[in-house]
Amino acid sequence: MRKRNVRTGSARRWAGLLLLLALLLALPPLSPAAAEEGHDVRRITLSAVGDCTLGRCHKMIYYESWDHLYDKYGSDYFLQHVAEVFQNDDLTIANLEGVLSESAPRQKSFFRQKTGLPDKKEYCHLGRPEYLEALTGGGVDVVSFANNHNIDYGLQGFTDTLDACAAYGMPVAYYDTVVRCEIQGLTVGVLSVDASYCSREVTEGYLRAGMAELNRDCDLIAVCMHWGSNYEKAASREQIELGHLCVELGADVVFGCHAHILQGVERYKGRYIFYSLGNFTYGGRPKPKDVQTMIAQQTFTFVDGELQLDDAVQLIPCWMSGRKDINDYSPVIQTGSEAKKILKRINERSARFETAFDEEGRPCMPPAADTAIPPVPVAEEPLMPERVPAIIRTLLNVQEPGTEAELTVERK
């Protein structure tokens, strides 16, 4: 069970603790050095980025595509400008927005559970398994894979991608398959859930089950949510409700994707929710519709095993491409006036949450007044997830006349 969520039932003990707290509050605050003296202090820095499509959309031509530049420059090309950031943190998480396979047939239709209706698969993203070298070599440590492009090439494409991740040593979180990473003697859990194709009920089901599982033994939990609508500047009501639920279930940070642009950031109960991180190395579009993106980074401090809530957050402004007119698929950190423009946009979209960041990308609000969350759920028994979760089979059972024949059409 997570240490910081242990509760006692003794009224006498609570009374003593309240008295002690009152005495402590009357004392002047300790300096950081004094607070850490004689204590076990550990820090973990997490970085997260948005959509990474390793390959191209099936509607794109090869020339000047992600594939073309991989063949021309190799795997180190794509994250060359940001790899130092990722290699100097403790854990980097990216959203893998596409399939990695050599031979899977393209999926033309699917069952959109969110609406209860069949739908066409208009945009399908595909890359070769070796493209993962761009992430592993660039310092990415974990990928989230619960998104609307993991079925672009059917069941085979889905499982081929899992095989590729395993072959290249890339942990992958999706639905009820969670990831645990041991860092500095602490356990960091990663959960990935989709709300774009899944109904609210199914989304919450995976979220609650996964959080209860990670609450069993994790010191720090990051939730990757795939939600919202494409190119919507404002987080939707559903995003906000789900983001708050993540925190109330025990998430220490929430990273959102799917909108393809930056959305606002909220500090809720002292925890940060990044509603959309935008695109990163995104091969699904030859010309950027919106070049602005960012790296979200937060350092978490543990004192004697207890997580300390603070605001050690930094937004690192980036462009998803070195050029605005053509996507070169190689994100670049921005400084000066361009960085200010990106941070200004984030602040505008975060104003509704009364959240703001200074010119260094750091929070410039007073400390959170309310950080209390209810006791988090803890699973009594570990999850036993299937390699192919039930939701994938549901989405691929298109329930439309003639669909079965379409599933066997070979990729051009």
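Arg128 has a relative accessibility of 23% and therefore counts as partly exposed (buried means under 20% relative accessible area, exposed over 50%, and partly exposed in between, with a 1.4 Å probe and protein chains only). The model is predicted, so that local features need pLDDT of at least 70 and side-chain atom pairs count only at pLDDT 80 or more, while totals for chains, interfaces and linings use all residues. Residues are numbered from 1 along each chain as its sequence is written, and side-chain values use heavy atoms, with hydrogens and water left out.

The structure contains 20 salt bridges (a side-chain nitrogen of Lys or Arg within 4 Å of a carboxyl oxygen of Asp or Glu). In one of them, Arg128 is paired with Glu130, with 2.7 Å between the closest N and O atoms.

A salt bridge also forms between Asp163 and Arg387, where the closest N and O atoms are 2.2 Å apart. This pair links distant parts of the chain, 224 residues apart: Asp163 lies in helix α6 (residues 154-167), and Arg387 in the loop between α9 (336-350) and α10 (390-396). Helices (H or I, at least four residues) are DSSP runs, numbered from the N terminus. Arg387 is partly exposed at 41% relative accessibility, and Asp163 is partly exposed at 40%.

In helix α7 (residues 200-214), Glu204 and Arg208 are four residues apart and therefore separated by about one helical turn. Their salt bridge has its closest N and O atoms 3.3 Å apart. Glu204 is buried, at 19% relative accessibility, whereas Arg208 is partly exposed, at 40%. Both residues belong to one network, in which salt bridges that share partners join Arg200, Glu204, Arg208, Arg237 and Glu241.

Notes: Helices (H or I, at least four residues) and strands (E, at least two) are DSSP runs, numbered from the N terminus.
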